Amino acid sequence: MSTIAAISTPPAVGGISMIRISGEKSIAVAEHLFYATNQVKVSEMRGYTCAYGYICDGNERIDDVILTVFRAPHSYTGEDTVEITCHGGLYLTNEILHLVLKNGAVPAGAGEFTKRAFLNGKLSLSQAEAVMNVIEADGKAALHQANLVKEGRLSRQMNAIADELIGILSALAYWLDDAEQFPEELDSSRLFTQIRDIYNKLSDMSKHYRDGKIYLQGIRTVLLGKPNAGKSSVMNWLCGVNRSIVTSIAGTTRDVITEQVKVGAYTLLVSDTAGIRETENEIETIGIEQAMKALSTADLVLYVIDASVGITKEDREVLKQCEDTKTVILWNKTDLNSTEPDVDFPHLLPCSMIADPPFDGLLKHLQQLFPEIVPNQPSVVNERQNQLLESAMKHVQSAMDLLESYGEPDLISVDLEIAARHLSEIDGKDVSKETIDGVFSRFCVGK
Amino acid sequence: MTNLGSFDVIVIGAGHAGIEAAVASAKRGCKTALMTISLDHIGNMPCNPSIGGSAKGHLVREIDALGGVMGEAGDACCIQMRMLNLSKGVSVHSPRAQADRALYHLYTKKIVETTDNLHVIQAEATDILTDENKTVTGVVNSFGGVYECKAVVICAGTFLRGTVYIGKKSRESGPDACLPAAYLSDSLESSGIKLRRFKTGTPCRVHRRSIDYTKLKAQYGDPNPQPFSFTAKRGSVRNDAICYIANTNARTHDVIRKNLSESPLYSGMIHGIGPRYCPSIEDKVIRFASREQHQIFVEPTGTDSEEMYLQGFSTSLPEFVQSEMLRTVSGFENIEIMRSAYAIEYDCINPTALLHTLAFRDFHGLYSAGQFNGTSGYEEAAAQGLIAGINASAYVLNEKQLELSRKSSYIGTLIDDLVTKGTDDPYRMMTARSEYRLSLRHGNADERLTPIGCEYRLIGAARKQAFEAKLQHIYEAIDIIHRTSVLPDEINAYLNEKGTSPITQKTKLDALLRRPQIQFSEIRQILGTDFALNEIEAEEVANRIRYEMYIERQNQQNRHLEELSRIRLPLDLDYTTVHGLSSEAIEKLSRIKPEQLAQAASVSGVSPADISILMTWLKAGGYSGE
């Protein structure tokens with residue numbers, strides 16, 4: 001049986017989340033992405049033991065986590081199982097799941113952990129009834145989810161592309177099967193253009209998936225500003241916890257800390273960064289680099305300016321780099337001897353984190369900047385769909401490669417069929433049947 | 001009622017399905033009767049005088065690989081042989097033969113007459129007798145005679161309540177002026193078998209001398225053609241007949257449009273559902289109005305016959321319109337019609353009433369094959385006939401029933417499509433129907449199916465030995481290729497000449513052979529490796545190496561379904577007792593009664609969650625499946 005993985009905690013904002021991996025390869029999968037601080041390898045860990053460490057994507061640290069190993073048959077499913085407990089937040093948890101899937105696990109189906117537990121004899125026959133209920137509940141939830149997904153724009157787009165592919169497949173099937181009537185040579189340059197067109201659409205969608213994820217799972221927000229402008233106070237206000245070290249010594253925030261916070265209906269994934277400042281301190285330089293890197297993938301900049309200092313040359317330079325990103329300036333510390341805002345900027349919010357936290361003001365700016373976000377939208381984009389999308393792209397790419405290298409048309413048709421099947425999996429369209437119906441409805445079949 | 005004898009298996013109908021069923025049953029050791037309305041129409045080809053074609057050629061090769069009749073008969077009666085789809089990839093290459101239809105009748109008649117254990121009887125079956133357990137006990141003929149038997153295979157073709165239409169005139173008739181089977185339908189219906197109406201059509205036969213061939217394009221057979229049978233040598237079939245291509249034009253289409261009201265199809269007289277792949281000329285003109293011309297293939301029906309068959313020109317329009325429209329075609333100005341085009345409507349079943357063995361679910365010992373099951377085509381019929389014949393005899397002999405998987409063959413795909421999905425129009429095989437098409441080549445049909453033919457005693461010892469030797473040669477060569485590497489110096493001159501990139505380091509031979517520009521035969525010469533392969537074996541080796549990676553990927557994609565197809569569902573399963581199934585799933589599964597989980601999964605409205613529940617339920621109940 002394959003190795004499966006899923007987020008096992010409810011898809012809601014919370015303190016921690018848990019990802020469960022179960023199956024023969026679960027320990028190998030975990031070993032690929034987990035680095036224990038005590039240097040012990042996952043494969044060397046005994047059952048029922050935990051380790052603290054980091055989840056890394058290559059050299060990039062994603063999160064610090066607790067990893068627990070269960071050795072078969074002493075686990076819920078009866079298989080080797082690894083549980084990764086990470087910091088809460090859908091965005092982060094999904095990133096880790098994505099990494100787990102990338103390393104060889106497949107997404108778990110509805111009720112699959114329970115099903116495996118049952119099949120492996122972990123649940124007795126007398127518990128069968130209970131198992132059924134669990135799976136039924138999962139099934140219904142899955143069905144409900146499927147219905148939501150069906151209405152999703154992305155899913156409709158996937159369907160439209162699948163239909164286009166099926167159209168091409170029908171033409172190919174007709175050409176392959178109607179030996180007598182059709183010219184023997186394939187118009188490969190036309191076919192290539194059609195397939196490339198589909199590939200581009202898929203690749204756009206894949207990009208949109210990342211974007212869609214922003215809107216659904218949180219607006220990637222980077223908190224910038226000169227040292228001691230009050231960024232950490234902003235962070236703490238947003239989080240409602242004392243997370244960053246707030247001191248008045250410039251440069252005390254060195255790591256990038258990501259937090260998921262709610263502002264009205266909006267979810268912000270806020271990275272608190274080291275103050276932007278020319279510095280010779282090595283550690284701090286790294287922090288600044290990270291801040292600039294966070295900026296490059298951010299959807300929103302919250303730029304904090306100390307009103308008592310006013311806008312400086314450095315601020316203007318950094319803001320210039322933020323030109324392409326939606327930005328709100330927090331004109332902070334208005335309770336102190338503040339200067340009047342002397343910048344012409346559409347989204348400027350005078351505030352005092354200490355005396356007058358600007359909740360309504362920030363919400364108003366967010367509503368202006370992100371009017372397209374419908375709060376609490378159903379999760380129309382998920383990792384499973386993204387996997388299907390990526391598999392489809394792989395096969396379309398392979399069909400293109402074949403065409404370019406004068407590969408046989410029958411091989412091309414199989415690649416395209418597999419791609420269409422991946423895209424159609426969400427609503428369970430029968431690709432083979434539709435292809436054949438297409439042959440008959442669209443072409444004048446000779447014999 | 002008189003008792004006219006006692007048999008193990010009775011096959012009703014001696015068309016392409018019936019012949020295979022009867023011969024297989026008899027060869028396997030059952031005393032078998034083959035009943036037909038007319039001994040003079042055994043192995044008749046009432047439609048096109050050809051065997052094979054796209055995907056159908058695969059079926060014929062598979063029938064031959066299992067030890068059936070059609071490949072051998074097709075070769076013996078061939079007058080022109082071609083391999084279709086040569087530029088489209090080796091998995092869709094498909095052989096097609098122009099057949100001498102008079103000879104085909106005589107040849108197959110001789111086969112059934114000379115097969116041991118097989119008794120050929122001219123009689124119309126009017127009633128199938130069953131006992132209180134719905135077990136088959138005999139067959140009654142139209143004069144009241146009774147033949148006792150343990151199993152029946154219905155291969156009634158288009159005969160059941162056959163009605164022939166030309167224009168708006170109709171009469172009760174089987175094909176080619178045979179008597180229709182007027183009574184068997186009543187018997188089947190009274191046993192609870194539901195029947196429906198399908199229709200099919202056939203074009204005119206015209207006189208050879210009435211065509212101006214200088215205005216037509218000629219089509220010849222292949223040099224050194226590949227026969228159907230794995231026992232025949234390449235180039236051993238007769239191959240001298242010529243076919244021709246004519247074209248309709250705007251004037252033809254005008255005649256059709258003007259006379260559309262004369263068509264029984266367009267005026268609503270015929271209710272039977274016709275084949276989508278084989279539209280009548282009036283259908284083509286109406287549905288594809290933008291096309292300025294349609295091809296007509298002019299095919300000889302035999303060497304001793306002056307009749308020419310007009311493929312692509314089937315019609316239900318009346319005789320006077322047929323001649324008027326044909327005369328508009330360049331080369332047909334003086335056309336002389338010998339047999340008019342006609343449509344035939346007939347009773348058939350919904351094949352979801354059958355199991356994968358082609359046995360009726362609700363009976364013991366009742367099997368069916370061919371057009372009666374909702375298919376179309378001689379090859380589709382023969383393929384089913386062979387399986388039904390094997391299984392009817394296995395039932396009598398109390399041996400294991402044969403079920404071919406989708407992965408194994410087009411025959412398996414055909415039967416799975418029929419019994420799982422049913423069909424809304426006469427079913428024609430197409431390569432696009434198989435998700436395993438890369439591995440279902442005509443050239444490896446023997447490897448896929450001959451071992452099964454041996455197991456079911458349809459393949460003789462000499463053929464078995466030859467087959468095993470061939471496989472061994474192929475496996476050895478593939479092994480050598482996988483172990484061989486090539487140095488740049490040895491091969492780069494050749495690669496350059498072929499316009500493919502040179503290699504920079506030692507490279508595995510199989511990787512080179514996967515390049516489309518590379519020919520195995522040429523590489524063999526360059527490397528001088530002795531592979532000890534004949535021409536056909538060498539082609540097999542090259543095709544296998546070329547496709548092996550793609551086939552692996554294809555199989556990977558299909559693995560999930562394959563696993564599901566191995567998990568059996570009890571046919572008497574009460575789905576209402578499976579806690580947690582959606583009500584839609586309960587309703588549909590109770591009606592369709594799938595044989596295995598893959599079939600259940602293919603039912604619309606049955607969700608993956610339902611399949612999970614069923615899977616768990618099967619385990620919980622201790623039902624082991626396989």
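The model on display is predicted.

**Stop 1: two loops of chain A**

Select A:Pro73, whose place is in the loop of chain A between β5 (60-70) and β6 (81-87). The peptide bond that joins A:Ala72 and A:Pro73 is cis, with omega at about 0 degrees.

Next, select A:Tyr48, in the chain A loop that runs between β3 (34-36) and β4 (49-57). Although A:Tyr48 is not a glycine, its phi is positive, at about 60 degrees. With 11 other C-beta atoms within 10 Å, A:Tyr48 is exposed.

**Stop 2: chain B as a whole**

The C-alpha trace of chain B spans about 80 × 75 × 50 Å along its principal axes. Of the 626 residues in chain B, 54% are buried. Contacts in chain B between residues at least 6 apart in sequence join residues at least 24 apart in 73% of cases.

**Stop 3: a loop residue of chain B**

Select B:Asn117, located in the loop between α4 (101-114) and β7 (118-122) of chain B. This residue, which is other than glycine, has a positive phi near 75 degrees. B:Asn117 is partly exposed, having 19 other C-beta atoms within 10 Å.

**Stop 4: helices α1 and α9 of chain B**

Select residues 16-27 (α1) and 378-397 (α9) of chain B; the two helix axes come within 7 Å and cross at roughly 30 degrees. Angles under 35 degrees count as roughly parallel, and α1(B) and α9(B) are therefore roughly parallel to each other. The crossing of α1(B) past α9(B) is right-handed. To see the contact, show side chains including B:His16, B:Ile19 and B:Ala22 of α1(B), and B:Tyr378, B:Leu386 and B:Ile390 of α9(B). By class, this contact of α1(B) with α9(B) holds twelve nonpolar, seven polar and one charged residues.

**Stop 5: from α9 to α10 of chain B**

Five nonpolar, one polar and one charged residues form the contact of α9(B) with α10(B).

**Stop 6: helices α12 and α16 of chain B**

Finally, select residues 461-483 (α12) and 535-565 (α16) of chain B, whose axes come within 10 Å and cross at roughly 45 degrees. That angle makes α12(B) oblique to α16(B). α12(B) passes α16(B) in a crossing that is right-handed. On the α12(B) side, the contact is made by B:Lys470, B:His473, B:Ile474, B:Ala477, B:Ile478 and B:Ile481. On the α16(B) side, the residues are B:Glu537, B:Glu540, B:Val541, B:Arg544 and B:Ile545. The contact of α12(B) with α16(B) divides into six nonpolar, one polar and four charged residues.

Conventions:
Residues numbered from 1 in each chain as written. Chains lettered and ligands numbered in written order. Predicted model: local features only at pLDDT ≥ 70, side-chain atom pairs only at ≥ 80, totals over all residues. Axes fitted to C-alpha atoms, helices over the stretch in contact; angles between N-to-C directions. Helix = DSSP H or I, 4+ residues; strand = E, 2+ residues; numbered from the N terminus. Parallel < 35°, antiparallel > 145°, perpendicular 65-115°, else oblique. Left-handed = near helix turned anticlockwise from the far one by under 90°. Contact = placed C-beta atoms within 7 Å. Nonpolar A, V, L, I, M, F, W, Y, C, P; charged D, E, K, R; others polar. Buried ≥ 20, exposed ≤ 12 C-beta atoms within 10 Å, placed from the backbone.
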